[in-house]
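Please read the following report alongside the sequence and the three-dimensional view.

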Amino acid sequence: MWSFFHKLGSPPWMYGISGRILSWLLPLTLLLLAWGAVWGLLYAPPDFRQGHSFRIIYVHVPASVVALAGYYVMAGAGAVSLIWKMKMADVAMKACAPIGAALTFLGLLSGAVWGKPTWGAWWVWDARTTSMLILLFLYLGVMALYAAWDDEALAAKACALLALVGTVNIPIIYKSVDWWYSLHQPASISLSGDSSVHSDMMQPLWLMIAAFYCLFVCSLLLTMRGEILRRESNTGWVRGLLMTGEGGRAV
Amino acid sequence: MHPVRKQRLWAVVFIVVFSSLAAGLVGYGLRGNINLFFPPAEVAAGLAPAGQPIRVGGMVVVGSVERSTDSLQVRFAVTDYQATVKVEYEGILPDLFAEGEGVVAAGALDERGVLRASEVLAKHDENYMPPEVADALLKANTAGVTP
């Protein structure tokens with residue numbers, strides 16, 4: 001287990017393995033996204049009260065779920081970076097922030113577009129929407145904090161601290177609809193079965209959630225590869241990579 | 001594990017635990033203020049200030065909606081099955097506004113205890129189903145069969 005952990009810290013190994021993973025994960029992601037989107041947006045039945053506007057669920061829920069999960073990835077990478085001073089953990093943490101920010105923004109935007117016809121308002125300051133806005137600011141904060149230092153080791157340390165302190169927001173977002181009176185409805189789906197979404201609508205939603213998880217991993221690996229090349233641009237293995245044009249397969 | 005790393009691991013654990021604790025205490029201190037609306041039971045108990053902007057949320061009482069014939073004036077009652085608050089509103093209601101469904105009304109309580117609303121929002125519940133399923137459920141309910 002520890003040898004695997006040490007390999008994770010090696011930029012050439014990480015670059016090589018991520019290329020191999022992407023070679024099959026990227027097509028799989030596109031397939032899942034296309035399948036889920038066509039099924040959800042065209043073939044799933046309309047809702048009995050909301051009609052077709054409920055279809056925003058197929059973007060809103062996956063984006064929001066993965067935005068929350070992505071924060072744990074970022075904070076976890078931050079913890080590894082603080083404890084083991086592993087450079088690849090810094091790279092992973094830095095790569096998570098813009099992806100998470102984009103997903104959070106997508107969740108907020110799709111929620112606002114759905115809220116206008118359904119609730120009657122674009123935005124309401126209830127516990128769920130406000131804590132989600134804080135999540136966006138946390139992601140943007142990590143991006144800004146990283147850019148504020150010239151010394152990357154120092155920047156990673158500060159960002160890891162911010163990311164770790166921010167983890168407290170994730171259970172708050174998740175439970176906000178149960179702890180307080182909010183306009184946002186309680187959770188519709190649960191892993192323990194008994195979802196309050198009809199199965200004809202739920203199946204494409206599971207597909208879309210899986211697709212967004214894959215999309216997150218693909219974006220993370222692609223961003224990390226770019227960052228690895230930038231950091232290691234003066235090393236022999238990157239030069240060798242460029243000379244042989246081996247793409248992702250060189251280790 | 002290397003002692004220095006173990007020390008850093010403890011620092012990470014302390015950061016997470018104490019920031020959670022701090023956030024938890026803040027949340028506990030603000031517990032009432034984070035709620036978006038008052039349920040009618042709290043309004044009836046006098047917990048909601050009169051004459052100040054507040055929100056009241058609950059279910060629209062079935063049969064309580066009265067619409068004016070020559071204006072957008074509408075009156076209805078909101079309940080949490082413990083108490084009821086009357087609401088007066090002039091304006092366009094959201095599409096999902098219906099009797100027996102959730103609603104959040106923003107406004108101020110007048111001296112009669114009626115909420116003069118400036119905004120009415122529909123509160124959607126967590127149930128999603130196709131129209132045919134909803135029809136079948138309704139038929140089963142009226143036929144006395146529990147779904």
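How many of the 12 residues of α3(B) are buried? The number is zero, so this helix lies largely in the open; a residue is called buried if 20 or more other C-beta atoms, placed from the backbone, lie within 10 Å of its own.

## Basis of the model

This is a predicted model, in which local features need pLDDT of at least 70 and side-chain atom pairs count only at pLDDT 80 or more, while totals for chains, interfaces and linings use all residues. Residues are numbered from 1 along each chain as its sequence is written, and chains are lettered from A in the order in which they are written.

## Helix and strands of chain B

Helix α3 of chain B covers residues 131-142 and reaches 17 Å from its first C-alpha to its last, close to the 16 Å expected at 1.5 Å a residue (1.5 Å times one less than the number of residues). Helices (H or I, at least four residues) and strands (E, at least two) are DSSP runs numbered from the N terminus.

Strand β5 (residues 102-109) of chain B is joined to β1 (residues 54-60) by six bridges in an antiparallel arrangement, with B:Arg55 opposite B:Ala106; strands pair if DSSP finds at least two bridges between them. β5(B) also pairs antiparallel with β6 (residues 115-123) over eight bridges, and there B:Val103 stands opposite B:Ala122. Five residues separate β5(B) and β6(B) in a hairpin, where B:Gly113 in the turn has a positive phi of about 85 degrees.

## Contact between the chains

Chain A gives 36 residues to the contact and chain B gives 33, where contact requires C-beta atoms, placed from the backbone, within 7 Å. On the side of chain A that touches chain B, the largest share, four residues, comes from α3(A).

Note on methods:
Two residues are in contact if their C-beta atoms, placed from the backbone, lie within 7 Å.
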